[in-house]
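Please read the following report alongside the sequence and the structure.

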Amino acid sequence: MTGHTNMMPDCKDSSYWLDGVPLPPTLPGTPLKFVDVAIIGSGYTGMHAAIETARAGRSTMVLDAEDPGWGCSTRNGGQISTSIKPSLEKLSAKYGPERARAIRKEGETALEWIEEFVTAEGIDCDFRRNGRYHAAHTPQHYDEIARDAERLRKQEGIEAHPVPRAEQRGELGSDVYHGGVVFARHASINPAKYHRGLLSLAMAAGVHVVGDCAVTALRREAGGFVLVTAKGEVRARDVIVATNGYTTGLTPWMQRRVIPIGSYVIATEPLPKDVMDELFPTDRIASDTCKVVYYYRASPDRQRVLFGGRVSANETDTTVSGPKLFADMCRIFPQLEPYKVTHSWMGRVAYTFDELAHTGVHDGVHYAMGYCGSGVSMAGYLGRRLGQKVLGLAEGKTAFDGLNNPTRPFYTGNPWFLPAVVAWYRRTDRKQRERAEVVQ
């Protein structure tokens, strides 16, 4: 990956998180012929569902077209928020105040749950409650999020406090923003270590995990399902689909309800301690109010900056995204201009048309997906609930159950409209930033 002065000549196109993570255990090469539960997709959702059903004594198998965890589970930014994008007001208008509160509460519950799970299971994955700094790219956006912080505190008990621009350097070593809001309970994690921990737990519980085993057809038959795979047919009583941003035409109804979006990330070379202390004095994770959002943080060892976002209207490759992200990063942190980029990678998240995660049963198949870029806690949480549902347990119930899962006419899973939308958002973000700079 060459052609840009700030990209290392040997810049890796693999996730930084995979460096130094032990190799996965040896997995079985072929699928079982008969299982109680077959799970398609080996990310957080699939692994948590598998752990749940296997520990309850159900024979459980996880199948993935790639290596286990190959998708966004080992490629994300390792940021954990409260996950629910629509506000209490928006949800109340649609579902009534009681259901709206229950949906919003699931985000808080998922955040608490992941800490409890990681602690109880002893997963070594650099989990930290270091909080988030959510930065405003214009003065108007600061006023808006400061008001929101007050409302969140009063109405939902969410810890959030505004930081005016004059005090911003105490949170973030940048002058391009106009203040921000601290969410004290938000957390960070090493996503690859977390996934590796889940894989170990699943295998210890007896889960049969098979990689490089794409499922090419799925059909119902008396007493369950037949899955046609690259390595032979499988019969299963219950099937869980946990494919999120990698959902295919195998499940066309689900594919019509998720919008796959590429999210791109770079990692810098190791930085001097004084530079890191200036950029991230409180070690918080960070994001901003741009429509085309940026998210960034210090690596757990505080050696590097990991900087992510969407870099262009169309999907691109990591040789193109790396230099663009570097330029965006240096606009926010000019201090980083002398340093090099060692990793440039991408993963696919899945948005939904109503910006909510969805879980349920369609044609007898259980599913959970559509985490809208906030899936680190929610994917695992809903995966666990899916496992409980398959077991027939009352605690599998969630506030997302039974929600209408919308699509759009003529949408089949290829987001043809996305380039125009992203281009419009990028232009809007830029104009708003430029206007704010003039006003200063």
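## Aromatic pairs and their surroundings

F353 counts as buried, at 19% relative accessibility, where buried means under 20% relative accessible area, exposed over 50% and partly exposed in between, with a 1.4 Å probe and protein chains only. This is a predicted model, in which local features need pLDDT of at least 70 and side-chain atom pairs count only at pLDDT 80 or more, while totals for chains, interfaces and linings use all residues. Residues are numbered from 1 along each chain as its sequence is written, and side-chain values use heavy atoms, with hydrogens and water left out.

Rings of Phe, Tyr and Trp (its six-membered ring) pair if their centres lie within 6.5 Å, and planes under 30 degrees apart count as stacked, over 60 as edge-to-face and the rest as tilted. By this rule the count comes to 15 aromatic pairs. Two of them are set out below.

| Pair | Distance between centres | Angle between planes |
|---|---|---|
| W253 and Y367 | 5.7 Å | 65 degrees |
| F353 and Y411 | 5.3 Å | 80 degrees |

W253 belongs to helix α6 (residues 252-255) and Y367 to strand β19 (residues 365-369), so their pair ties together parts that are 114 residues apart in sequence. Helices (H or I, at least four residues) and strands (E, at least two) are DSSP runs, numbered from the N terminus. W253 is partly exposed, with a relative accessible area of 26%, whereas Y367 is buried at 5%. Y411, the partner of F353, is buried as well, at 2% relative accessibility. Ring pairs also link F280, Y294, Y296, F307 and F333 into a cluster.

## Two helices in contact

Helix α3 (residues 97-121) and helix α9 (residues 375-390) pack at an angle of about 90 degrees, their axes lying 8 Å apart; axes are lines fitted to C-alpha atoms, for helices over the stretch in contact, and angles run from 0 to 180 degrees between N-to-C directions. That makes α3 roughly perpendicular to α9, a term for angles of 65 to 115 degrees, with under 35 counted as roughly parallel, over 145 as roughly antiparallel and the rest as oblique.

## One methionine

M203 is found in helix α5 (residues 191-204) and is partly exposed, at 25% relative accessibility. Leaving aside its neighbours within four places in sequence, M203 is in contact with P25, T26, L27 and V209, contact meaning heavy atoms within 4.5 Å.
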